Structures are given as C-alpha cells and as structure tokens.
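Here's a quick briefing to read alongside the model. Have the structure open as you go.

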Amino acid sequence: MRLPHTLYRLYERRLAAGLTPDRVPRHVGVILDGNRRWAKSFGETAATGHRRGADKIAEFLGWAEALGIEVATLWMLSTDNLGRSAAELDDLLDIIEDAVRGLADSGRWRVRVVGRLDLLPERTAVALRHAAERTEGVRGLQVNVAIGYGGRHEIADAVRAYLREQAEAGATLADLAERIDVDDIAAHLYTAGQPDPELVIRTSGEVRIGGFLMWQSAHSELYFCEAYWPGFRRVDFLRALRDFTRRERRLGK
C-alpha cells in the first residue's frame, strides 16, 4: 500500500529538482476552476467545493513561495459568476471573505484585491479592502486575488482611469486620440507595476482563459490541467512548471 505513495514522492522530488531558479516564472496566474464539479463528484454541495477550493489557496501559495515565484494572481470570482443563484453566491462570498482574511492573518503574503469591488455587496468589498490594507507592509510573494474580475472590465477601467487623469491635466479629446498608446493603458491596469504573467494555469480541464488577464497574458504560456482545483496537487503544479521550462518562448518575435 505504501509503494505508490513512495513512488509519487520520488517523482515529485525529481520534478522539483529539475527546476532551476532562472527558468521559474516570476508571475503565475491561476484560474481556480472546478470547485462545484469536484463537490458533485463526491455527492457534496457547491459550498463544500468552494470551501475546499479556498483551503487549497494557502497550500498553493506555499509551493509558489518555496520556488521563488514573485507574483501569483488567483481568479476567485468572475463578473459572470455574480449571476449565480443568490444562495450560492452568498455562500461563495462568505467563503471568499474568510479566505482573504486568512491570507492577511498569516502575515506571509502581500495581498492586492483586483476587480470591480463596486459590483460586490458593500460588506464584502469593505472586508476585502481591509484585509488587503493590513498586508501593505508585508514583503515577499505578492498575491493578487481577482474577485468580481473580468478582463474586459479591467481594460475599460484602465482606459477610463487614463482619460480622467488626462482630463484633469487639461488634455483635450483630440490630444488623447493622437497620443494614447499601449503603455498608457498598461500603467492603469489593476496589476500596474507588476510583471506580466509568464504562465497561466487553468484547472478542471477547460481549455480557455475566459477573459483572465486579457491584456497581460498576450505573451503568457498557457497550461490546462485536468484536476479540479480542490484536487490540484503540488505534482500538478510542478508538471505545469516543467512544461513551461521546456517551451521556447518567442514573445512574438
């Protein structure tokens, strides 16, 4: 009975040993997908799946931290998810609040909340902002929790912020149309000041990114994992990183 477990650990160590610090991505984005399907496979409720998925986050961040990854962006709730039933959404928001508070309470990671918090209940938005503020002085792994997030919304918000900034400086619409460029928009994204993700992982077997970090992922390597997020293992993460190191990154050249 112990042999499979022993072989698994040996395989995991071999994968880890094959990774060198200079080839590990600085920024990894993860679409945490499959909580409900994981729960259904065990005859459990959606809330149970979401809770198990939330419990996985700190474990994953520990793996990333140990490997020297600098930034992790975790898509926890999309703008589309806000259309779920009121009962499920209430449970999910409570779980998300608890998860983000837990990350802040650990004192290990600097948390940034990215997304349209104005679309969330005020109670949730306040709780998330407060949790993130408590980590402002923390050094180490930067954790972006994407909540109420949609890639199109992010780009629209970035353009809106740039236009407002320039209007306050006295620029005209004609001026802006003439000089706006990609750097201006990038400087107003939710992740401004951070490196773009070199690797984006989606769990659950879905083969699409669904609008996640649409702007930032232009040159990202994509990795799709069959495991549901609550069942995502360190060996799955190491396989994704191994796959990343084997790719020739052309960056559009």
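Which residues does D33 touch, not counting those up to four places away in sequence? They are R202, T203, S204, E206, Y228 and W229, where contact means heavy atoms within 4.5 Å. Keep in mind that this is a predicted model, where local features need pLDDT of at least 70, side-chain atom pairs count only at pLDDT 80 or more, and totals for chains, interfaces and linings use all residues. Residues are numbered from 1 along each chain as its sequence is written, and side-chain values use heavy atoms, with hydrogens and water left out.

**D33**
- D33 sits in the loop between strand 1 (27–31) and helix 2 (35–41); helices (H or I, at least four residues) and strands (E, at least two) are DSSP runs, numbered from the N terminus.
- With a relative accessible area of 17%, D33 is buried (under 20% relative accessible area, 1.4 Å probe, protein chains only).

**N35**
- N35 belongs to helix 2 and is buried too, at 12% relative accessibility.
- Leaving out residues up to four places away in sequence, N35 touches G49, H50, G53, W229 and P230.
- N35 and D55 lie 20 residues apart in sequence and 11 Å apart in space, C-alpha to C-alpha.

**Helix 5**
- The buried residues in helix 5 include T124, A125, A127, L128, A131 and A132.
- Down the axis of helix 5, its buried residues fall within an arc of 165° (taken from the directions from the helix axis to the C-beta atoms), so they line one face of the helix.
- Those buried residues pack against helix 4 (86–106), strand 3 (110–114) and strand 4 (142–149).

Note on methods: Buried means under 20% relative accessible area, exposed over 50%, partly exposed in between (1.4 Å probe, protein chains only).
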